[in-house]
Structure formats: C-alpha cells, structure tokens
Amino acid sequence: MRGRFITFEGGEGCGKSTQLRLLAESLQNKGLEIVTTKEPGGTPTGQELRRILVTGDKNKLDPVAEALLYYADRRINMTQKVWPALDGGNWVLSDRFADSTVAYQYYGYNRQLAQEDLDRLYHLAVGDFRPDLTLILDIEPEKGLARSYHKAQSMEVKELRFEKKNLEFHKNLRNGFLKIAAAEPERCVVLNADKSIEALHREILNLVTKRFEV
Ligand code: TMP
C-alpha cells in the first residue's frame, strides 16, 4: 500500500523541523516506516541548490528565479526520494513543500509573479500529486525570526538569506499561509506554534493518529 505524504509548513523559526523529527519518532514507534525529507535540500543535488537559495545576499535572486530553483529542487526530491519511498510503502514527512513557494515567492514578495504561473510549475514538476495532510505552524514573525537568528549562531554557514528580508515580507508570507489553509481546509491544518515543544507535538500526534487511524 502507498504511504502517506505529510508536509510541514510555516514561517521562519516556527519549529517545524523539531516537530517533524518528533512525529517521525512517534510514528516509527507505532511500527510505521518513515522517510523524512526537506525542501530545499532533500537530495545531494538539492543540497547544492539549497546553498544558492538560502545563503548570501538577500536580493541576489528575483521571485521568478527563486521559484524556478525551488521547483528544480522539488522535482529532484520527488523523483529521486519522495515517490520511490511512497511506492515502497513508507510514509514521507517533508519539511516544506509547494505551499512555501506560494507563501514566500508569491505572497512574501507581494504578488510580483502570477499565481497561474506557479500553478503551471506545480503541474510540470509534481503533476496531480498532492500531500495527504499539510500542517501549518503559525507564529508571529517577530518571535519566529528571533528563534531563527538564535539558532543560526551555532551554524557554520549562516542560512539567513530570507530572514534578512524585511518584516513586511514575513508578515505577508504568514498571511499567505493562512490564505492557503482557508482555501484548502481538507488538506491544511493551522496550528498555533507559540507553545511548548511537547504540547505542540501531542497536538500533532493526536491529529495524525485520528486522521489516518494509526
Ligand atoms: P528552512 O529554513 O525551513 O530549511 O527553509 C529554507 C528557506 O527557503 C526558508 O527561508 C524558506 C525558503 N523557501 C522558499 O522561499 N520557497 C520554497 O519553496 C521553499 C521550499 C523554501
């Protein structure tokens, strides 16, 4: 049987990577085979694209160039990692997916590119495939950005290209995620991420076990 595809989304410092890891551990303890991935950078080639996308000057790429590179990374991740894993019966948990491109490259930049063009890229790279569930971790940008800068202190290569964009960009993308969720309530669940790691994990585990009856 094909596994489930669950995506984690949200702004900077929302805690999705931690929550993904905790959910993976809990589902593994239930006997499920779990593969985790992330965008950008879920594959070796994707790691090379990630370096271009998340380091360096905040203005070095325009929204169209970014969208194309994120979709290149996504296509590689889907064909080399996600689809093979799902076909093998694994569940795949992904740290970001296509909603990030809509939130960041479309809403973040205040609609400098057309949503239909992003839809076309989605179709080209991903086809009709959709996540079974998308968890959107919502937090005030000021709080998330502070967490993100704190975390970057211990990083050798600072992945802060988007953090350096102004607060309006981050407010726009947060509202973008909320709009995406409102448009697709079956697929998306918005969670308040401004709480303890343990409390949020319990909420997520509860939601996932109920929805998929595991
Ligand atoms: P991360 O910090 O969650 O690993 O994500 C890397 C950065 O890339 C983050 O600042 C969000 C950004 N991003 C986009 O702008 N568009 C996308 O499509 C994806 C997947 C990530």
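A residue is termed buried at under 20% relative accessible area, exposed at over 50% and partly exposed in between, with a 1.4 Å probe and the protein chains only. The model is predicted: local features require pLDDT of at least 70, side-chain atom pairs count only at pLDDT 80 or more, and totals for chains, interfaces and linings use all residues. Residues are numbered from 1 along each chain as its sequence is written, and side-chain values use heavy atoms, with hydrogens and water left out.

The ligand is surrounded by 14 residues, a residue being counted when one of its heavy atoms lies within 4 Å of the molecule. The closest are Glu12, Lys16, Tyr70, Arg96 and Thr101. Polar contacts are pairs of N or O atoms within 3.5 Å; within protein, one atom must be able to donate a hydrogen and the other to accept it, and residues adjacent in sequence count only if both atoms are side-chain atoms. An N or O atom in the Glu12 side chain is 2.6 Å from an oxygen atom of the ligand, and a polar side-chain atom of Tyr70 is 2.8 Å from a ligand oxygen atom. For Gln105, a side-chain N or O atom lies 2.9 Å from a nitrogen atom of the ligand. Of the 480 Å² of accessible area that the ligand has on its own, the protein covers 92% (Shrake-Rupley method, 1.4 Å probe; for residues, only the protein chains shown count as cover).

Helices (H or I, at least four residues) and strands (E, at least two) are DSSP runs numbered from the N terminus. Helix 4 gives the most residues to the shell around the ligand, namely four.

Thr7 is found in strand 1 (residues 5-10). Thr7 is buried, because its relative accessible area is 0%. The side chains of Thr7 and Thr134 are joined by a polar contact of 2.7 Å.

The loop between helix 4 and helix 5 (115-126) contains Gln112. With a relative accessible area of 55%, Gln112 is exposed. Between Gln112 and Pro63 the C-alpha to C-alpha distance is 7.2 Å, although 49 residues separate them in sequence. Asn110 is found in the loop between helix 4 and helix 5, and is partly exposed at 47% relative accessible area.

Most residues other than glycine have a negative phi, and most peptide bonds are trans. Asn110, however, has a positive phi near 60°. Glu213, in the segment after helix 8 (197-212), has a positive phi of about 50°. A cis peptide bond, with omega about -10°, joins Glu39 and Pro40.
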